[in-house]
Amino acid sequence: FVHGAVLPHHVLVHPVSHDFILVDWTSASKIGGPQRTPYMVSRYKDFYPDSTAAKEPPTASGDIHMAARTMQALLGKGVTTPGQIVYWDRGCPPQIRSFLAGCISPSSFTAWEMLDLFTELIERLWGKRQYREFPWP
């Protein structure tokens, strides 16, 4: 299945494990099915791959594209206006920016392979993962 709407307001971060959870699966569909994404959230239209606007069936690379756009927004200063996707924080490493830019292009990698590549990049930049407290209000 593909989510079809990997957007900032659909991503939750678990406070203990720091894993992410995707919510609102109303746009989900089976890979290879004849469906198309049933709707687009207009304020995030620039997060969707071109194939969504073209009403093509959703793909896993479309979800990766949207996840990368969402991460760009979350790692930057956020989305300041509809249609303006990225306002990068100068502290974001160029390797991360480059990786995310590569995720926006259609790819033959699966989401799990992309996650492994991203984890390797994180470990090259900051070392092995270790638990850090996630402040919760």
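**Fold, pocket and cavity**

Reply: In this predicted model, the protein chain holds 4 helices and 2 strands.

Me: What share of the residues of the protein chain counts as buried?

Reply: A residue counts as buried when its relative accessible area is under 20%. The protein chain has 137 residues, and the share of them that counts as buried is 31%.

Me: Among contacts with a separation of 6 or more, what percentage joins residues 24 or more positions apart?

Reply: Contact here means heavy atoms within 4.5 Å. For contacts in the protein chain with a separation of 6 or more, residues 24 or more positions apart account for 50%.

Me: Which element supplies the largest share of the lining of the largest pocket?

Reply: The largest pocket holds about 1900 Å³ of space. It is lined by 46 residues, of which Phe20, Met71, Leu115, Phe118 and Arg129 are the closest to its centre. At least two lining residues come from each of β1 (11-13), β2 (20-22), α2 (60-75), α3 (94-103) and α4 (111-126). The largest share, 9 residues, comes from α2.

Me: How many residues of the lining of the largest pocket are nonpolar?

Reply: The lining includes 9 polar and 6 charged residues. The number of nonpolar residues is 31.

Me: Which element gives the most to the lining of the largest cavity?

Reply: A search of the whole structure finds 1 cavity of 30 Å³ or more, and the largest cavity holds about 50 Å³ of space. Its lining consists of Gly4, Thr37, Pro49, Ser51, Thr52, Pro58, Thr59, Gly62, Asp63 and Met66. At least two of the lining residues come from each of α1 (50-53) and α2. With 3 residues, the element that gives the most is α2.

Me: How many residues in the lining of the largest cavity are polar?

Reply: By class, this lining has 3 nonpolar residues and 1 charged residue. The count of polar residues is 6.

Me: Is Ser27 buried or exposed?

Reply: Ser27 is placed in the loop between β2 and α1. Beyond its neighbours within four places in sequence, Ser27 is in contact with His3, Gly4, Ala5, Thr37, Pro38 and Tyr39. Because its relative accessibility is 1%, Ser27 counts as buried.

Me: Is Ser29 buried or exposed?

Reply: Ser29 lies in the loop between β2 and α1. Its contacts, leaving aside neighbours within four places in sequence, are with Phe1, Val2, Gln35 and Pro58. Since its relative accessibility is 5%, Ser29 counts as buried.

Me: Over which residues does pLDDT stay under 50?

Reply: The protein chain averages a pLDDT of 81, and 85% of the residues score at least 70. Where pLDDT is low, the predicted coordinates should not be read in detail. The model has 8 contacts beyond four places in sequence for the stretch where pLDDT stays under 50, namely residues 78-82.

Note on methods: Residues are numbered from 1 along each chain as its sequence is written. This is a predicted model: local features need pLDDT of at least 70, side-chain atom pairs count only at pLDDT 80 or more; totals for chains, interfaces and linings use all residues. Side-chain values use heavy atoms; hydrogens and water are left out. Buried means under 20% relative accessible area, exposed over 50%, partly exposed in between (1.4 Å probe, protein chains only). On a 1 Å grid over the protein atoms alone, a cavity is a set of points where a 1.4 Å probe fits but cannot get out, and a pocket is an open set with protein on both sides within 12 Å along at least five of seven lines; lining residues have an atom within 4 Å of a point. Grid points are joined across faces, edges and corners, and a volume is the space filled by probe spheres set on the points. Ala, Val, Leu, Ile, Met, Phe, Trp, Tyr, Cys and Pro count as nonpolar, Asp, Glu, Lys and Arg as charged, and the others, Gly among them, as polar. pLDDT is the predictor's confidence in each residue, from 0 to 100.
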